[in-house]
Amino acid sequence: MADEDKKQIKYIFGTAVFLAIANVLLTLTTYVMRPTDKDFFRARVAGFLCRRQGQPGCGRLWEQCTLPLSEQSVAWKQQGITSYGIATAAQPVYVIPSLIDEVEKTQSPQLYIIETRRFTDTDNEVIKENRLRQIADNMKVSWNRFKIVTELTEGFEDRLSYGFDLIKYHGNWENLTEESWGISV
Amino acid sequence: MYGYRDRNGKTVWHPSGTELFLRPYFSKTMPEFWRRWHVTLGNWFKDYVFYPISISKFSLDLNKKARKRFGNEFGRIVSSAIPILAVWLLTGIWHGPDWKYVTWGLFHGILIMLSMIFTPYNEKLVQKLHIKTECFSFRLFQMGRTFLLCCLGRVFFRADDFASAIGILKRACTGIGWYRLANGRIYNYGLNKANMTVVIVAMLVLLTVSILQEKMDVLEALKKQNLVFRWVLIYALLLAVVIFGMYGPGYDPSAFIYEKF
């Protein structure tokens, strides 16, 4: 192999490594910069991600306000069912398939409990935006997250800041707490 | 890559990496400042306005008459007044069709004229007073003087009109209120303590890099460093820009003063 080719391969390899490290750093920075004070969904997703892989149980795509109808600790106490929530308040129905895909990346639930009251909802843009922020701004960077963002931001002016939420939250460095570093998502 | 067409119709290209602003705040005089500030625009005005007027028949005749009447030194200054003032009048208008830009342009034209007139007297005074000119303190004084004159011009540039500019200058010279720096009130004007710290650190970084650039090619020097050092530095700068930069929702770039130009 000629020296010139070797140089070029080395250059391409170096560039790829540089970009990969930059990607990891930016992703980690994104997770750290996400606000921790908006709601507890971030902690819920973090809790879900801490579960060991391949666990049986019940995935809850369920709103908090319906807790009296099906409560996790009661399900465990009375039926011995392990369950975990991965939902936000007033979760739009169209994010459910992507959230199920996300769950099945690491877990093997035998049952899903899905909130159906929202099936007939027609969201206006502001509500849609708030819900998207609650969901996507707390998920790990993944293909499922990308699908959710792409689907929900159609027609939005500032779509990029949903896909790369660091664009929105980079100024949050002033509000960083110990909690910001601690939560893995 | 950027460029402009010179008066012979030839496009003058500057390779990417050629700087448009050559650290103008290190300038010792106003003419030097404008040689370092917006280099391509300065070159364009030199090629299309200054030289054509300077070599016009009217200017050459004026030059002859002025030299005969006032002597070589002062005659040269008198004859160069017209091209210089024309350049600065047009530079002002280039920024906008407004009297405040005309005032700003003429202010700089007059400053450059005054600089040409007083340079010989200044040199004599420096010699008489035995002031050392080849030292850092004198250079610092010169840079400070240029900076202040430049800021003075900026007041006319930034103010809504001439009367407002005078008002700003009056207020700047009276009731400065240094105590605001100490009692924390400075943080009530838009930048809180954390943001102020970022601004100060960023300015120190900028100053350090600018000082280094005056002495060496920083990029070339960086290329000679070990890979780990280079990458750590680049990542640190990348993250600093991403985190502390001004962008994203809520940021209005049109509020930036230079946006119109």
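Author: Start with the second largest pocket. This is a predicted model, and in it that pocket holds about 750 Å³ of space. Closest to its centre, out of 29 lining residues, are Lys46(B), Phe50(B), Val87(B), Trp88(B) and Ile112(B).

Reader: Which elements give two or more residues to the lining of the second largest pocket?

Author: In chain B they are α1 (30-36), α2 (39-54), α3 (57-70), α4 and α5. With nine residues, α4(B) gives the most.

Reader: How do you know where empty space is left?

Author: A probe the size of a water molecule is rolled over the atoms, and this shows the empty space.

Reader: Next, the surface. What makes Leu89(B), Leu90(B), Ile93(B), Leu106(B), Ile110(B), Leu114(B), Phe118(B) and Tyr121(B) a nonpolar patch?

Author: A patch takes residues with over 30% relative accessible area and no salt bridge, and nonpolar side chains are joined within 5 Å. These eight names form such a patch on the surface, with about 700 Å² of accessible area together. Two elements of chain B give two or more residues to the patch: α4 (72-95) and α5 (99-128). The most comes from α5(B), with five residues.

Reader: Why is Leu90(B) called partly exposed?

Author: Leu90(B) has a relative accessible area of 38%. Buried needs under 20% and exposed needs over 50%. The value falls in between, so Leu90(B) is partly exposed. Leu90(B) lies in helix α4 of chain B.

Reader: And why does Val241(B) count as exposed?

Author: Val241(B) has 58% relative accessibility. The cut-off is over 50%, so Val241(B) is exposed. Val241(B) is found in helix α11 (residues 227-244) of chain B. Its C-alpha atom is separated by 19 Å from that of Val218(B), 23 residues apart along the chain.

Reader: What makes Asp165(A) and Arg34(A) a salt bridge?

Author: Their closest N and O atoms are 2.7 Å apart. The limit is within 4 Å, so the pair qualifies.

Reader: Which parts does that pair tie together?

Author: Asp165(A) lies in the loop between α7 (160-163) and α8 (166-169) of chain A. Arg34(A) lies in the loop between α1 (3-33) and α2 (41-49) of chain A. The pair therefore ties together parts that are 131 residues apart in sequence. Asp165(A) and Arg34(A) are both buried.

Reader: Are Asp137(A) and Arg133(A) buried or exposed, and how do you know?

Author: Asp137(A) is at 3% relative accessibility, and Arg133(A) has a relative accessible area of 8%. Buried means under 20%, so both qualify. Their side chains meet in a salt bridge, 3.0 Å from N to O.

Reader: Why are Glu32(B) and Arg36(B) called buried?

Author: Glu32(B) has a relative accessible area of 15%, and Arg36(B) is at 13%. Each value is under 20%, so each residue counts as buried.

Reader: Where do Glu32(B) and Arg36(B) lie?

Author: Both are in helix α1 of chain B, four residues apart, about one turn of the helix.

Technical notes:
Residues are numbered from 1 along each chain as its sequence is written. Chains are lettered from A and ligands numbered from 1 in the order in which they are written. This is a predicted model: local features need pLDDT of at least 70, side-chain atom pairs count only at pLDDT 80 or more; totals for chains, interfaces and linings use all residues. Side-chain values use heavy atoms; hydrogens and water are left out. Patches are made of residues with over 30% relative accessible area and no salt bridge: like charges are joined within 9 Å, nonpolar side chains (Val, Leu, Ile, Met, Phe, Trp, Tyr) within 5 Å. Accessible areas come from the Shrake-Rupley method with a 1.4 Å probe; for residues, only the protein chains shown count as cover. Buried means under 20% relative accessible area, exposed over 50%, partly exposed in between (1.4 Å probe, protein chains only). On a 1 Å grid over the protein atoms alone, a cavity is a set of points where a 1.4 Å probe fits but cannot get out, and a pocket is an open set with protein on both sides within 12 Å along at least five of seven lines; lining residues have an atom within 4 Å of a point. Grid points are joined across faces, edges and corners, and a volume is the space filled by probe spheres set on the points.
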